[in-house]
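The following note concerns the charged side-chain pairs of the structure shown below.

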Amino acid sequence: MEPALAGNGHYELHEVHAESMGLSTATLNAGSLGAAEAFDLLEEDSPTVRLESLGLAGVDQLADRADTVPANKRFAAWSRRYLIAIATTDALVGGIAAALPASISDTLSWNHRAVLLCLLGVLVWPVAIALSRGYRRNRIGIGFDEPGAVIRAGMVVVVAVALPAGFMAVPAGTLDPNGAFNLLYALLKLVAVGTPLAVVLSLLVRFLAHRGLRFLQRQGRSLRHVLVAGGFGAAQQLSERIQREPDTGMKVIGLCLPSSELPRPVVDGIPVLGSLRQVPDVVRSMGCDAVAVTSDDVTRYNYLRELAWSLEGAGVELLVDPGLVEVAGPRMHIRPLMGFPLLHVEEPHFTGWRWMMKRVSDIVLASVGLLIISPVMLAIAAGVKLQDGGPIVFRQARIGRQGKPFTMLKFRSMVVDAEARKLDLMEHNEGKGGLFKLSRDPRVTRLGQFLRDFSLDELPQLFNVLGGSMSLVGPRPHLASELAQMPSEASRRSLVTPGLTGLWQVSGRSELEGHDAIRLDLRYVENWSLSLDLQILWKTISAVLAKRGAA
């Protein structure tokens, strides 16, 4: 355990301990670090040693080991620009949503009322989103928070206008076009039409803003620069998880480890910038945006509290890894008990009304989808039949929910004897984790390659969805032979219905290694919800159109 020390007591501890070792204050000041930084306390019964002897950099030498984040690239700077742009656009949206309905209303367009309502929309709509917590910096680009705030803002506006109107007395026999009743009625119509328009436009703005932000982050810009603090093994794992998930928008710029695990200049290409006690100094010197603390023995008890104290006023986020892998926020809740918090983790839901709603949405969306794309499916069926006279639909036994086999349908994209030729190609298998994959499979026909590029070969699986053996969203259905080669935890995939698309589809499709596909499937199983399904369906469209990871 290494608590973060700060203030004058921190300096005095170093000096007293140094004197007990026979070192003078002048010796303390001789190094490149100050008195509070040139020495580090190890265990109580261990001698104090100079950081340079541990291979650690001083505060003024950190730039040699890692790049200091420029002020204009820190999270505080770019997030401010992002929110100003979003809020300004929301103001324009509010003005447009108020002006358009008002301009076509005889009552509201009279005597320049449309202009006044436009100005009112410019003010009211951003305020409604702000009241719905839609401009929080720490939630930029995270999950459904920003779109959710827009939807809540729409509800706030409707309730704020409709509720008072419901209690207002209506003058009897008033037919004056400019009378109070007609004006009130026109305003209610304005809210009824303008609010949904504002919600749709603001959601579109955030969708485009997120796409632009993701593009910048893939270029290494507009990132949160994170310092990871904890024991070597836990810090290494947390760093790998952060860097493995590009959607987090985070970049690990360095590690801080316990003094007992130093010297260790680099861990997996990430520089070690100091000990756990040096975290506050490293954060301020490097311009970090956040500190991610692991959940292991060296960071327990008072360390987190004292670290939070030492970071006060620095404008730095403190993130704590709960130690739970592939469990998302909706299942986790903080439960305070007599001054200490406990993390409550809900059980995943595999039955009940949520599951019934998922099934109903599958039936409705699959039915509508089949009606819309039936001409396309007929054209594909004719093309598959004409190319070689073989069967149109490829049927294969896959393992479904509760481990029960079912027949999965696909448009045939390979030669007729593809399964017989598979054994000859096993020695060229590029897949891992029990999966068979070839980047250039000679069995795939020319038409089949086109169908695979845009996932059109999977359209017949909509009939599987209607039959209940598959869902629109879920884990990838596998062969029994593939499941036999997977790790034991992969069996949890059978707790839910396999899907036509899933996290694996929007995260790389066939480009994923076997263990990554299993990890994403398990993440879905542990955290599935109707809102997550809608997000995956939305992202599937862009993934397919961009042909990302097409087999």
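1. The model is predicted. I begin with Lys 410, which is buried because its relative accessible area of 16% falls under the 20% cut-off. Salt bridges that share partners join Arg 136, Arg 139 and Asp 145 into one network.

2. Asp 145 counts as partly exposed, at a relative accessible area of 23%. Arg 136 is likewise described as partly exposed, with 30% relative accessibility.

3. Lys 410 has its own partner: a salt bridge links this residue to Asp 457, with 3.5 Å between the closest N and O atoms. Lys 410 belongs to strand β12, whereas Asp 457 sits in the loop between α15 (446–453) and α16 (461–467), so the pair ties together parts that are 47 residues apart in sequence. Asp 457 is buried, its relative accessible area being 3%.

4. A further salt bridge is formed by Asp 388 and Arg 412, whose closest N and O atoms lie 2.6 Å apart. Asp 388 is part of helix α13 (residues 353–388) and Arg 412 of the loop between β12 (405–411) and α14 (418–425); the pair therefore connects parts 24 residues apart in sequence. Asp 388 is partly exposed at 37% relative accessible area, while Arg 412 is buried at 4%.

5. How many salt bridges does the count come to? The total is 10, and the pairs discussed above include Asp 388 with Arg 412 and Asp 457 with Lys 410.

Conventions
Residues are numbered from 1 along each chain as its sequence is written. This is a predicted model: local features need pLDDT of at least 70, side-chain atom pairs count only at pLDDT 80 or more; totals for chains, interfaces and linings use all residues. Side-chain values use heavy atoms; hydrogens and water are left out. A salt bridge is a side-chain nitrogen of Lys or Arg within 4 Å of a carboxyl oxygen of Asp or Glu. Buried means under 20% relative accessible area, exposed over 50%, partly exposed in between (1.4 Å probe, protein chains only). Helices (H or I, at least four residues) and strands (E, at least two) are DSSP runs, numbered from the N terminus.
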